[in-house]
Amino acid sequence: MALTTVLVTGASSGIGEAIARRFAHNGARVVLAARRRDKLNALLGELPGDHLAVTLDVRDRAAVERAVSELPFDIDVLVNNAGLALGMEPAHAANLDDWEQMVDVNVKGLLYVTRALLPGMVARDRGHVINLGSVAASYPYPGGNVYGATKAFVKQLSLNLRADLFGTRVRVTDIEPGMVAETEFSLVRFRGDEERTRKVYEGVEPLRPEDIADLVHYAASLPPHVNINRLEVMPVMQAFSPFAVKRS
Ligand code: NDP
Ligand code: 8X3
C-alpha cells in the first residue's frame, strides 16, 4: 500500500504537533507547516522516518500557493489545524486587530490551504480534509464572539465541502474539541499571561493534544467508504452553560 502523506498546519505546537507525532509514529510521511522554523526543526529531529518542514504563514496567500506547488509529493490528508483565539473582551470592547487576525488565520488561511490542495485530491479521487473546529462553533460563551464565529465558519464550510465533493472519494471531517490543555492556545489568547492561562485549566482534567490526535488519526484511518462529518468532543469535566437571565 502507498505511503500516506499528511500535511499538518500549525504543527509547531499543541494539537498540531501531537497530530504530526501520531501520524509519523504510525508510518505516515508528514509535512509540518507553521511559522516557527526552530520548533518544526526540533520536531523533525524527533520523528521516526523522513518528513518535511515548511515555514509558512497561512495568511500569506501567495506563499501558500507557492509552498503547495513546490511540494515534492501529493498530499493525501490535509489537517487544517493552524488557528488561534485572541482576547476575551466583550464585542463592544474587543480589539479590531485581534478580530482581523482570527479571521485571517482561522478562516482565510484555512481557505487558502484547502483551495490549493483540493484540485489535486479531486483529480486523484483520493484525499481527506480534516479541519480543527471547536465547540465554540456551536455554543456561545462571553468573549467567544469572533473566535466562535470563525469556528462556525469552519463547521459550515466542512459540510459545504462535503456537498461539493459528492461523487468523489475525497473526505471531509470537522473535529470540534472543547477544552484542550498543554497547548499554547490560552497563552496566545491572553498574550503570554501565564497566571491567567494557569487559571483556565485549574482544577480541571481537560482534554490533551494526544486525545485529539487520536481522533484525527481515527477519522483518517477508517475504511475509505466511511466519512465522519463532524466529531464534537469535550472533557467529562466540561459541559454547557445555563442561559443567562438578567434579573432586576
Ligand atoms: P497552539 O497555540 O498550541 O497551536 C496553534 C498552532 O497554529 C501553532 O503551531 C502556530 O504555529 C499555528 N499558527 C498560528 N498562526 C499561524 C499562521 N498565521 N500561520 C501558520 N500557522 C499558524 O493551539 P492549539 O494546539 O490548542 O490549537 C490548534 C487548533 O485547535 C486551533 O485551530 C484551535 O482553534 C483549535 N482548538 C483548540 C482548543 C483548545 O482548547 N486548545 C479547543 C478547540 C479547538 P506558529 O506560531 O509557529 O505559526
Ligand atoms: C477552544 C475551546 O472553549 O476555549 O476552541 O473556545 S474554547
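This is a predicted model: local features need pLDDT of at least 70, side-chain atom pairs count only at pLDDT 80 or more; totals for chains, interfaces and linings use all residues.
**The surroundings of ligand 1**
- Ligand 1 is surrounded by 29 residues, and the closest are S12, S13, R35, Y147 and T183.
- Two helices, α1 (14-25) and α5 (145-165), each contribute at least two residues to this shell.

- The side chain of S13 places a polar atom 2.7 Å from an oxygen atom of ligand 1.
- The backbone takes part as well: a polar backbone atom of V180 is 2.9 Å from an oxygen atom of ligand 1, and a backbone N or O atom of V58 is 3.0 Å from a nitrogen atom of the ligand.
- On its own, ligand 1 would expose 880 Å², and the protein buries 96% of that area.

**The surroundings of ligand 2**
- Around ligand 2 you will find S134, A136, Y141, Y147, F185 and R189.
- By class, this shell holds four nonpolar residues, one polar and one charged.

- A side-chain N or O atom of S134 sits 2.6 Å from an oxygen atom of ligand 2.
- For Y141, a side-chain N or O atom is likewise 2.6 Å from an oxygen atom of ligand 2.
- Y147 has a polar side-chain atom 2.6 Å from an oxygen atom of ligand 2.
- Of the 240 Å² of accessible area that ligand 2 has on its own, the protein covers 81%.

Methods. Residues are numbered from 1 along each chain as its sequence is written. Chains are lettered from A and ligands numbered from 1 in the order in which they are written. Side-chain values use heavy atoms; hydrogens and water are left out. A residue is near a molecule or strand if one of its heavy atoms lies within 4 Å of it. A polar contact is a pair of N or O atoms within 3.5 Å; within protein, one must be able to donate a hydrogen and the other to accept it, and residues adjacent in sequence count only if both atoms are side-chain atoms. Accessible areas come from the Shrake-Rupley method with a 1.4 Å probe; for residues, only the protein chains shown count as cover. Ala, Val, Leu, Ile, Met, Phe, Trp, Tyr, Cys and Pro count as nonpolar, Asp, Glu, Lys and Arg as charged, and the others, Gly among them, as polar. Helices (H or I, at least four residues) and strands (E, at least two) are DSSP runs, numbered from the N terminus.
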